[in-house]
Amino acid sequence: MILGILQCGHVPDQVAERDGTYTELYGAMFPGRGYALRTFSVVDGVFPSGPEDADAWLVTGSVHGAYETHDWIPPLEQLIRDIRAADRPMVGICFGHQIIAQAFGGRVEKFAGGWSVGRQTYRIGGAEMALNAWHQDQVVELPADATHLGQSEFCKNAVLAYGDRVLTMQPHPEFEASVVETLIEFRSTKVPDPLLHNARASLPSPVNNAAIHAWLAAVLEGAPAHAIPFAETSAA
């Protein structure tokens, strides 16, 4: 299977040196599945010719806001709509979650409640899942056909599905503790100190990345996006 990665930003150099680029971080979520990765750096204006360039698609995170006026945002939104119209599986992470919602008619904004960083607890289909986050922007108005699947106390619209083929989430299942640690050290000037202190303190605690990786892989391989494969679960 060819997995197309729509790269919407670049990881900080320090993260790339320690844990890898976006392609490497996302590729590491799917070991042994035999995916051939094709990365299109849409943030730099590099786009596929269309949805047929990959069997399934992943839309990455970014330092940019979905609502910002960059030249690459409108064609990315159209590509997202084209991928859905072509019935290709698609998943979105953080910015990917936001830009997909915006492309389908939702609204994204810089959240007045501030930042969510480090290990957070989400309720996804009745299961308690711990995942790492690093964001201020949020989806604040859902597209008309979105299915709400998960939330945290801080982020109401944290996990969404659209029909059978599109699954998106605000947290970062590609972030292990080392990535969060690097972001705290090198990318934390806008984040209040108490949040950074809590994020650092939670670094040794486990997260449920593996369960989310399996879910994302299932969707990319054709499982219905709204079919949550885990029951009551926690990162104990």
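**Close-up 1. Thr168 and its polar partner.** The side chains of Thr168 and His97 make a polar contact at 2.7 Å (N or O atoms within 3.5 Å, one able to donate a hydrogen and the other to accept it; residues adjacent in sequence count only if both atoms are side-chain atoms). This is a predicted model, where local features need pLDDT of at least 70 and side-chain atom pairs pLDDT 80 or more, while totals for chains, interfaces and linings use all residues. Residues are numbered from 1 along each chain as its sequence is written, and side-chain values use heavy atoms, leaving out hydrogens and water. Thr168 sits in strand β11, residues 166-169 (strands are DSSP E runs of at least two residues, numbered from the N terminus). Thr168 counts as buried because its relative accessibility is 0% (buried is under 20% relative accessible area, with a 1.4 Å probe and protein chains only).

Close-up 2. Searching the whole structure turns up 0 disulfides (cysteine sulfur pairs within 2.5 Å). For Cys94, the closest cysteine sulfur is that of Cys155, 9.2 Å away, so it's too far for a bond. Cys94 is buried at 6% relative accessible area, and Cys155 is buried too, at 1%.

**Close-up 3. The second largest pocket.** Its volume is about 220 Å³ (the space filled by probe spheres set on grid points joined across faces, edges and corners). A pocket here is an open set of points on a 1 Å grid over the protein atoms alone, where a 1.4 Å probe fits, with protein on both sides within 12 Å along at least five of seven lines; lining residues have an atom within 4 Å of a point. Among the 14 lining residues, Ser116, Val117, Arg119, Gln120 and Phe154 lie nearest the centre. Strand β6 gives the most to this lining, with 6 residues.

Notes. Helix = DSSP H or I, 4+ residues; strand = E, 2+ residues; numbered from the N terminus. Buried < 20%, exposed > 50% of the residue type's maximum accessible area, 1.4 Å probe, protein only.
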